[in-house]
Structure formats: C-alpha cells, structure tokens
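Subject: Structure handover and notes

Dear colleague,

I am handing over the structure below, together with some notes on what was found in it. Please keep it open beside you as you read.

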Amino acid sequence: MSGQANSRQKILTIVILSLPFILFLFSLAIGTYDISPGKVIRTIASVWHPHSRQDLIAPYRDILFRIRIPRLLLAMAIGAALSVSGASLQALFKNPLVNEYILGISSGAAFGAALSLVFLGRAFPPQIAAFFFALLAVGAVLLISGRTESHFISLLLTGIIVTAFFSALLSLVEFFASPYVLQSLFFWLMGSLSLASWKDLSISLPLIGVGLSVLLLLRWRLNVLSLSDEEARSLGIHLRREKLLVIGAATLVTAAGTSVVGIIGWIGFIIPHLVRLMFGVDNRRVIPMSAVMGASVMLVADDLIRGLSSFEIPIGIFTSLVGIPLFLLLLKKTKKVWL
Amino acid sequence: MSIRVKDLVFSHKNFSLEVSDFSFDSGKVTVIVGPNGAGKTTFLKCLGAVLSIPKNAVMIDGQDLAVLKARERARLISYVPQEQDSAFNYSVGDFVLMGRAGYLSPFALPSKQDFAAANEALDYVGLRRFAERSIGELSSGERRLVLIARALAQNSDILLMDEPTTFLDPKHETEVLNLVRKLAGERKKTILVALHSLEMAVVYSDVLVFMKQGKIVASGPPAEIFEARLLENVYEMKIRVIDWDGRKVVIR
C-alpha cells in the first residue's frame, strides 16, 4: 500500500471511530420535544453542578435521562451487536451472505422473548428464553443442514424452514396472548426502540458487552476460521470448540438485542459489507469497525425516524426498507469482493 | 522427524485406505504417485490429521498423532492443500500470517515474532513484494507459493503437499519443485509430495511411493524401482521407460 493510501485509510479510521460520539450528542437534541444542543449540554452538565437553576432544567432532564439517553444507548448497542454478530458469522460460515436471520437466530430469539413476555410477564427478563431458543434454532439449522461447511443453499433452505417453524410457534403464542399484551407484542415484533427503558438496558447491555468482547478478542482467529475447515484444522485450530464459542457469542448478542427491540433485519448484513469495502477483509479491522459503524448507522436511522415525522415508524421496518435496495445495489456492483 | 504408519485404515463411502506398515525417512523428499483415486490425497490428509484417524496409527517421533492437541500438531506438521479458495480476498501478508495460528491462543493477536516469521516465509518463496496485494490478484503459480509460504510460517519439521504443481506451466512447476528440494536440503524438512507427473517424480524424489486402490504397492529410491513393468501394473496401461542420458523418460 502506498503512503498516500495509507494516510487516507488513517483519516477514514479516525472519522469513523469518532462518529458514534458526535452522533450521540447530536441525536440527544432530536425528538418531538425540541431541546437545542446548547440546552442538552447544559442539562447534562447540571448533573455535576446540582446548584445550577434546577427549576428550568428539570423537564429537560427527565426527557434526556429517562427517554433519550437509554434509547440512544440501546440503539448503539443493538447496531454494534447485530453488525459484529453478522461479521463473525460470515467469517465462520465462510460466506459474506450469512447473517443471524438466515441462521434462524432472530426468529428463535423472538419466539423465546414473546413466550417469556406472555407467560412469565414483563417482570421476568425475556433475555433468558430468547437466548435459549435462539441457540436451539441455530443448533437445529446446523444439525439439519449438516455442519458448518455444507453448501450455502442447503444452509439457506434449512434456515428458512427453521425460521418458518419458529414463526408458527410465535403465532401460537400470540394466539394465547391477551389483547393488551398482543398489542405491545405486535409493536415490539416490528422492531422498535421506543420501548427502551433503563430496566431493559440493565440486563441487555452487559450481555451484549460480554458477547461483543469475546468476538472482539477472537477477531484475528476469525480470519483463520474463515478458511476451509480442513485448512483451519491443519493450522492448529480446535474447530468444534472455537466454532461453538463464536456461535454462542453471536447468538448471545443477537438474543439480548432482539428480546428488547424485536427483529431488526439487514443491519448485520449491510454493515460488515460496507466495512469490508472501506477497510478490506481482515477481521482485525472488520470486527471493531463493524461495531462502530453499526452503532452510528442505528443512531442515524433512529434520528431519521424521530425527526422526520411525528409518528414513529418501527425501526425494523425502516432498516429493511432502506437496507434491501442498498444491499441489492451493492450485490450488483461488487461481486468481486465476495469471491 | 520420523513418521511411522502402522495399521492405518480410513474408509469413506466405497473407498478405503489401508496402510499396514510404512516409515517415512526424515529430511527427505518422498513423492507419492498413483492413478486418480489411488488415495494419495486421503493418505496425506490422514498424515496431517486433517481427517480424523484411529489411535496409534500414525506416530511422529514416537508420539501418537491422534492424541496430540491441534496446536501441538500444527507445530509438527503443515499441510499444503491443492488450491485455496477463500470466500474472502485476504492480502498475501495476512494470509501467510495465518500459518501462526498454532502458536497463538484463540484470543491473542499475532505478535512481532509472528509477523517476522510470516515475512521470512514470504522472503523464502520470493514473494515478499506481494505482501500487500490480495490473493485474488495473483497467478495460480504465485498462489501455490503463497500456500507454501503459509506452511513455512508454521515452522514445522514435516511438510505435506498435495499436488502442488497441478495446472502450472513447466516453468512454474520446476520453480515449485526446486523450492521443495531446497527446503529438504537447507531446512532439513521431511517432505511428502503427491504428484501426477511421473517425470518430475523421478527427478525430484529421494523416495518414490506407488499407490493403487488405497494401498502402497511399491516404494524405494527412484533409480531402483522406477521401471516399465511396475508402472504398467499401477496405471493399467502400456508404458515404456527410456534411459536418456541418465534421465528416465516415460513414453506412453
């Protein structure tokens, strides 16, 4: 690589790394209730200066700390979680088209969370059942399609079948749900950040944190795992153990996210692809950059949703509507990067 | 490093590999030849434990290959596959660096030493200048050399190579096989190569092994065993061997 290209790469890296922080502060000012950026900063600063004009700031404080900050944190965590899980699974399955949705993880997690909400109530953390059924779903896909190196089409078909099965189970749960629960379930399933609360965050954020850390630490290993199974084994990889570790961590972050915000598709697909276009295929860069890009893109998507209209489109619908055409465009344009 | 094979049986579908007793000499180039489907690749994969093998079938310096940890095995034996077709287009440098996996914990990043080993391996095959390029940009001959470089970065005493010259033109074929000889000579590696070209096998091997239908049918120094009758028996076709200024030429 020439020196000029190298320094351009460095600038790009710095810009992308600083994006989530800038976007986070910017996003705090956006919403149905107008709070100017100046007031946002003053309100946040007031936490450290308790004596400064509390009366004026109190309502802003409520909005920022009870609604916007948890929502934005959740958006960033979900964006990072889905992107990193997508990138890791793509490496593991040696195919840039794989994602958590194809593998049945999303539908398993959604079923588990719904089951928990309907039968165990809102007080019980839905993350547990979400993780359990997500693992069950991906396990079923792997067992039926026959190991991780099987043909992509057979993996895809098995994924569709398992997803359909869990969707049917989910409908069954909806059938038994009371009309009141059903309404919130319906809204949640479309993928929505508007229900974010500190209570959800207090469970999901640490889980996502643990899963992301594992995948970040494994980032170089993912390069080796992306080779054929035979090659990876001959290079000294304990295949079963390391594959389970990656699938477990990717499933954990997806389930922890899905159980709070529902199914948000295409992020785990699009973001790693964009990152590979910008930074190359080395997972030492792809994994951390996917986390940062995923967090930023989710913030922007959420800003658009909150800023463009007074009613909120569920973000899951939004990411699919924007993501799919973009994906098709990329697919047509850059077949080379994939093969 | 000595490799001793005893009562190795590996079956898959209607093919079965059976080697009752065989030893490979250390520091030598052993070339395995035989018709398609004779079991050359399967044999190499068993020796590299890429396929799962029974206990006590392959001993490396007295250690049972089947019970070695993946990491320990990778430091003893490296396996060079026929072709590389990764879904991701890594740079040559990153690709060769993967040869260091056996020296690193799953959670570790490659260290300075690992980078040095990868660079040294690239230097050895003469492709250091390609380190920043992506593998997809290389010719198939260069890609073979990159695969060999990755095996060298693994720094193992035993090198298994599965038809490293298939699809290469005569110049690149010679280049790769010269490199194989150099590795045995300079680095004292024990090298096992599966080859199709009989002429090349005779010239570049210390020991020739003939395989047919999953079994070893003959072995020894090429000067002693390379003759028309054996070849006709192994390949089931008319073959003549002509001595041309001390070189064996195969006419068919």
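Where in chain B is the place of B:Gln213? B:Gln213 sits in the loop between strand S9 (207-212) and strand S10 (215-220) of chain B. Please bear in mind throughout that this is a predicted model.

**Two residues of chain B**

B:Gln213 has a positive phi of about 50 degrees, although it is not a glycine. Most residues other than glycine have a negative phi. With 15 other C-beta atoms within 10 Å, B:Gln213 is partly exposed. A positive phi is also found at B:Asn56, where the value is near 60 degrees in a residue other than glycine. B:Asn56 belongs to the loop between helix H1 (40-47) and strand S4 (58-60) of chain B, and, having 13 other C-beta atoms within 10 Å, B:Asn56 counts as partly exposed.

**Where the chains meet**

The contact between the chains draws 27 residues from chain A and 25 residues from chain B. On the side of chain A that touches chain B, the elements giving two or more residues are helix H9 (219-225), helix H10 (229-234) and helix H15 (335-338) of chain A. Sorted by class, that side of chain A has 13 nonpolar, six polar and eight charged residues.

**Helix H4 of chain A and its surroundings**

Helix H4 of chain A covers residues 105-120, and 13 of its 16 residues are buried, so that H4(A) is mostly covered. At 1.5 Å a residue, the 16 residues of H4(A) should span 22 Å, and the end C-alpha atoms of H4(A) are 21 Å apart, which agrees. After H4(A) comes A:Gly121, whose phi is positive, near 85 degrees.

H4(A) packs against helix H11 (residues 239-261) of chain A at an angle of about 45 degrees, with the two axes 9 Å apart. That angle makes H4(A) oblique to H11(A), and the crossing of the two helices is right-handed. From H4(A), the contact is made by A:Ile105, A:Ser106, A:Ala109, A:Ala110 and A:Ala113, and from H11(A) by A:Thr251, A:Thr254, A:Ala255, A:Thr258 and A:Ser259. The residues of this contact divide into five nonpolar, five polar and no charged.

A:Pro126 lies in the loop between H4 and H5 of chain A. Is A:Pro126 buried or exposed? A:Pro126 counts as buried, because it has 28 C-beta neighbours inside 10 Å. Leaving aside neighbours within four places in sequence, A:Pro126 is in contact with A:Ala113, A:Ser116, A:Leu117 and A:Ser259. A:Pro126 and A:Ile203 are 77 residues apart in sequence, while their C-alpha atoms are 9.6 Å apart in space.

**Helix H6 of chain A**

Helix H6 (residues 152-176) of chain A has 25 residues, which at 1.5 Å a residue should span 36 Å; the end C-alpha atoms of H6(A) are 36 Å apart, which agrees. The buried residues of H6(A) are A:Leu155, A:Thr158, A:Gly159, A:Val162, A:Thr163, A:Phe166, A:Leu170 and A:Val173. What covers these buried residues includes H4 and helix H5 (127-145) of chain A.

**Helices H12 and H13 of chain A**

Helix H12 (residues 267-279) and helix H13 (residues 283-308) of chain A pack at an angle of about 125 degrees, with their axes 9 Å apart. That makes H12(A) oblique to H13(A), and H12(A) passes H13(A) in a right-handed crossing. On the side of H12(A), A:Ile267, A:Ile271, A:Pro272, A:Leu274, A:Val275, A:Arg276 and A:Phe279 take part, and they meet A:Arg285, A:Val286, A:Met289, A:Ser290, A:Met293, A:Gly294, A:Val297 and A:Met298 in H13(A). By class, the residues of the contact of H12(A) with H13(A) divide into 11 nonpolar, two polar and two charged.

A:Arg285, which is found in helix H13 of chain A, is partly exposed, with 17 other C-beta atoms within 10 Å. Not counting residues up to four places away in sequence, A:Arg285 touches A:Phe279 and A:Gly280. The C-alpha atoms of A:Arg285 and A:Lys94 are separated by 17 Å, and these two residues are 191 residues apart along the chain.

With best wishes

Notes
Residues are numbered from 1 along each chain as its sequence is written. Chains are lettered from A and ligands numbered from 1 in the order in which they are written. This is a predicted model: local features need pLDDT of at least 70, side-chain atom pairs count only at pLDDT 80 or more; totals for chains, interfaces and linings use all residues. Axes are lines fitted to C-alpha atoms, for helices over the stretch in contact, and angles run from 0 to 180 degrees between N-to-C directions. Helices (H or I, at least four residues) and strands (E, at least two) are DSSP runs, numbered from the N terminus. Angles under 35 degrees count as roughly parallel, over 145 as roughly antiparallel, 65 to 115 as roughly perpendicular and the rest as oblique. A crossing is left-handed if the near helix is turned anticlockwise from the far one by less than a right angle, and right-handed if clockwise. Two residues are in contact if their C-beta atoms, placed from the backbone, lie within 7 Å. Ala, Val, Leu, Ile, Met, Phe, Trp, Tyr, Cys and Pro count as nonpolar, Asp, Glu, Lys and Arg as charged, and the others, Gly among them, as polar. The expected span of a helix is 1.5 Å times one less than its number of residues. A residue is buried if 20 or more other C-beta atoms lie within 10 Å of its own, exposed if 12 or fewer, and partly exposed in between; C-beta atoms are placed from the backbone.
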